[in-house]
Amino acid sequence: MSKRLYLIANPLSGSGKGHDVLQEVQLILKSLNIVHISYLTEYAGHAIEIVKQICAKHLNEDDFDVFVIGGDGTLHEVVSTFVKCGIRPPLTVIPAGTGNDFSRTWQHGMTTRQIIDCYLLHHSIKNIPIFNYSDAEQIESDIILNNLGIGFDGTVIHQVRSLPDNSPIKRFANGKFSYALSAVMSIFQLESFNTLLKINQQVTHLDNCQLVCVMNTPYFGGGIKLTQKINPEDRTLSILVFQQVTLGKLIKFLWQVIIKKQEPDAKYVQYFTGTHAAIMIEQAIHSHVDGELRPKQANDLRFTVDEYPFYLS
């Protein structure tokens, strides 16, 4: 192969699954005599520094490829940093996290060997939609691969991240189970807030909201399918707003989407779509992007649709 191949791996992802998957990938590449350079992340945000090092070596995105081995958080750091560096090398995603919502959406249960064979044999690059967002002052900017949640979803992620590292929920639970338990633990922390939503120049005022979720895929929380309405191929912003959700309705919602895998009750869910949007929330609220916590703060955010290249079958 003429291209340089880099592996960026989070060995601690998926409670250590990342280490095992990395070894599997290295053995496969070695058996095929494919030269590669491995970078292992050692702390949160390390993938950002690794990508910056790679960008410093290459001005042309066609000179190299990257395998990302880890969960949605590691993938988010890699994609976001390449976008900010101004180059977009095609990525191959090898899931090894607890959630893996990106892989669930685009790779449909492919094994590690199948993903590598797809990269080697088909070499098919697909530009898939991602979202860009920034605040009104252009101080914060980032991308969304799966979803950005403000409100209850952010509180749940905060609860997950607050668990001690030796917690059985963190160590042994899969993404969906971990999310469900943390959601139950967060029920009594339900907050309400008002939202001003602007979709394609149409302004809507929404009072008594409990969750505003900007979604690029139908999944959140490690395999929980929030809605049947979202098709990632549509290349549009999908925004779900939950309003006037009481404690009883929240319990019903969790039962519907996690246990029965049904569409949430439309009585308290509004669905919006568009090619660009703005969300304004004056109250400081927990939020996350692709499962990674954002600071608890007010939000005045602008969203647009973008794309990024991946090796996919």
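**Exercise 1. Sort the residues that line the second largest cavity by class: how many are nonpolar, polar and charged?**

Solution. Start with the classes: Ala, Val, Leu, Ile, Met, Phe, Trp, Tyr, Cys and Pro count as nonpolar, Asp, Glu, Lys and Arg as charged, and the others, Gly among them, as polar. Next, list the lining: Gly70, Gly71, Asp72, Leu75, Val93, Pro95, Asn100 and Ser103. Sorting gives 3 nonpolar, 4 polar and 1 charged.

A word on the source: this is a predicted model, where local features need pLDDT of at least 70 and side-chain atom pairs count only at pLDDT 80 or more, while totals for chains, interfaces and linings use all residues. Residues are numbered from 1 along each chain as its sequence is written, and side-chain values use heavy atoms, with hydrogens and water left out.

Now place that cavity. On a 1 Å grid over the protein atoms alone, a cavity is a set of points where a 1.4 Å probe fits but cannot get out, a pocket is an open set with protein on both sides within 12 Å along at least five of seven lines, and lining residues have an atom within 4 Å of a point. Helix H3 (72-85) and strand S4 (91-95) each give at least two residues to this lining. Helices (H or I, at least four residues) and strands (E, at least two) are DSSP runs, numbered from the N terminus. The space inside comes to about 40 Å³, a volume being the space filled by probe spheres set on the points, which are joined across faces, edges and corners.

**Exercise 2. What is the volume of the largest cavity, and which residues line it?**

Solution. First, the search of the whole structure turns up 2 cavities of 30 Å³ or more. The largest has a volume of about 60 Å³. Then read off its lining: Phe152, Leu190, Gln210, Leu211, Phe242, Val245, Leu250, Phe253 and Tyr268. By class, that's 8 nonpolar, 1 polar and no charged residues. Finally, strand S9 (202-215) and H9 each supply at least two of the lining residues.

**Exercise 3. Which element gives the largest share of the lining of the second largest pocket?**

Solution. This pocket has a volume of about 280 Å³. It has 16 lining residues, and the closest to its centre are Ile48, His76, Lys84, Asp142 and Val289. Two or more residues each come from H3, strand S6 (141-144) and strand S15 (292-311). H3 takes the largest share, with 6 residues. By class, the lining splits into 4 nonpolar, 6 polar and 6 charged.

**Exercise 4. What is the phi of Asn208, and where does Gln244 lie?**

Solution. Asn208 has a positive phi of about 55 degrees, although it is not a glycine. Asn208 is in strand S9 and is partly exposed at 30%. Gln244 lies in the loop between strand S12 (237-243) and H9, and its phi is positive too, near 50 degrees.

Key:
Buried means under 20% relative accessible area, exposed over 50%, partly exposed in between (1.4 Å probe, protein chains only).
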